[in-house]
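Here is a short note for a colleague opening this entry for the first time. Please keep the structure in view while reading.

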Amino acid sequence: MKKHALNLRIEDFIKWVNREAQVQGLPDQSIPQDPHGALGMSRFRRTLAWHIARQPGGLVALAIQYGHLRTILDARTSSGYGSRSRGGIHSVLDIETALAAADTAAHLRDRVAAGEKVSGPAARRALTAAAMTPRFEGRIVPTTFAKKAARFLARDGVVLYDNPDAFLICAFKRDNALCEPDPGATAPRQYACQQGCGNAVRTDAHAQQMREKADEIDLKASLLPEKLANRLRRNADNFRKMADAHDATAQTAEALK
């Protein structure tokens, strides 16, 4: 399909979204007219990438969706393989990874400013990194930002990655990581997150989420055969123990200075 036809389909998609938003009584979900003109392929791709990347495991989904599976949140693939991928996927991944990390830093700053405590071996380093990371305010991202994003991700030890599946923030530093990242990796293998890692950071919100997860597991266990239920209850107990460990060791940002 040619670019002109794809652009027309994007415009038709916007019209459909706006029509459905009105029919469903959700006018705030409509897509307003853009002062910079009609959306094209490149701008739609960036918008779609933003929304995919901010879902749990979104960077992995983004790589798959855009036709190139970079090793999960890890270093770049070889230049030979990368040269056969769809153009621009590495820069898209770097940009979205950097922006997601900036969001993580901003959320951490907001949480500690609201009085939440933090725990974990990398707590002090994470607070320092959060203070150093600029907040992204939703401006247009130019093509030159890809190089800045790559440089930002290369700052080993001061980039923060949210890992909602593990209920923690990873203040990624290669030498401390137990997820066995490749040499030169700029991000953790989030699917291989390990307890006891020196990069882990938790907040009060994470502890609360772990207790809620434990309650959810207990509810499921009550409906299952005994052996399987006991296995699930052990998982629930582990979540509660990690939450208790946070409560016992958590400190305010002021105490960690």
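This is a predicted model: local features need pLDDT of at least 70, side-chain atom pairs count only at pLDDT 80 or more; totals for chains, interfaces and linings use all residues.

The points below go through the sheet, the helices, the salt bridges and the cysteines.

1. Four strands make up an open sheet. Their order is E1-E4-E3-E2, and the pairing is antiparallel. The edge positions belong to strand E1 (118-119) and strand E2 (159-163). Each of these has a single partner strand, so one side of each lacks a neighbour in the sheet.

2. The pairing of E1. Strand E1 pairs with strand E4, which covers residues 200-203. The two are antiparallel and are joined over two bridges. Within this pairing, Ser 119 is placed opposite Arg 202 of E4.

3. A helix across the sheet. Which strands does H8 lie across? They are E2, strand E3 (168-172) and E4. The helix runs at about 80° to E4.

4. Salt bridges, overall. Side chains of opposite charge can pair when their charged atoms come close. The structure holds nine salt bridges.

5. Asp 247 and Arg 211. These two side chains form a salt bridge, with an N to O distance of 2.7 Å. Asp 247 sits in helix H9 (residues 226-249), while Arg 211 sits in helix H8 (residues 204-221). The pair links distant parts of the chain, 36 residues apart. Asp 247 is partly exposed, at 44% relative accessible area. Arg 211 is also partly exposed, at 24%.

6. Arg 240 and Asp 215. Here the salt bridge has an N to O distance of 2.8 Å. Again the link is between distant parts of the chain: Arg 240 is in helix H9, Asp 215 is in helix H8, and 25 residues separate them. Arg 240 has a relative accessibility of 24%, so it counts as partly exposed. Asp 215 is partly exposed too, at 47%.

7. Arg 240 and Asp 218. Arg 240 has a salt bridge with Asp 218 as well, and the closest N and O atoms are 2.6 Å apart. Asp 218 lies in helix H8 and Arg 240 in helix H9, so this pair ties together parts 22 residues apart in sequence. Asp 218 is partly exposed, with a relative accessibility of 26%. Salt bridges with shared partners join Asp 215, Asp 218, Asp 237 and Arg 240 into one network.

8. The cysteines. How many disulfides are there? The count is zero. For Cys 170, the nearest cysteine sulfur is that of Cys 197, 5.9 Å away. Is Cys 170 buried or exposed? Cys 170 is buried, at 11% relative accessible area. Cys 197 also counts as buried, at 11%.

9. A buried threonine. Thr 104 belongs to helix H5, which spans residues 89-113. Its relative accessible area is 8%, so Thr 104 is buried. What does Thr 104 touch, leaving aside residues up to four places away in sequence? Its contacts are Leu 160, Tyr 161, Asp 162 and Ile 169.

Technical notes. Residues are numbered from 1 along each chain as its sequence is written. Side-chain values use heavy atoms; hydrogens and water are left out. Buried means under 20% relative accessible area, exposed over 50%, partly exposed in between (1.4 Å probe, protein chains only). Contact means heavy atoms within 4.5 Å. A disulfide is a pair of cysteine sulfur atoms within 2.5 Å. A salt bridge is a side-chain nitrogen of Lys or Arg within 4 Å of a carboxyl oxygen of Asp or Glu. Two strands pair if DSSP finds at least two bridges between them. Axes are lines fitted to C-alpha atoms, for helices over the stretch in contact, and angles run from 0 to 180 degrees between N-to-C directions.
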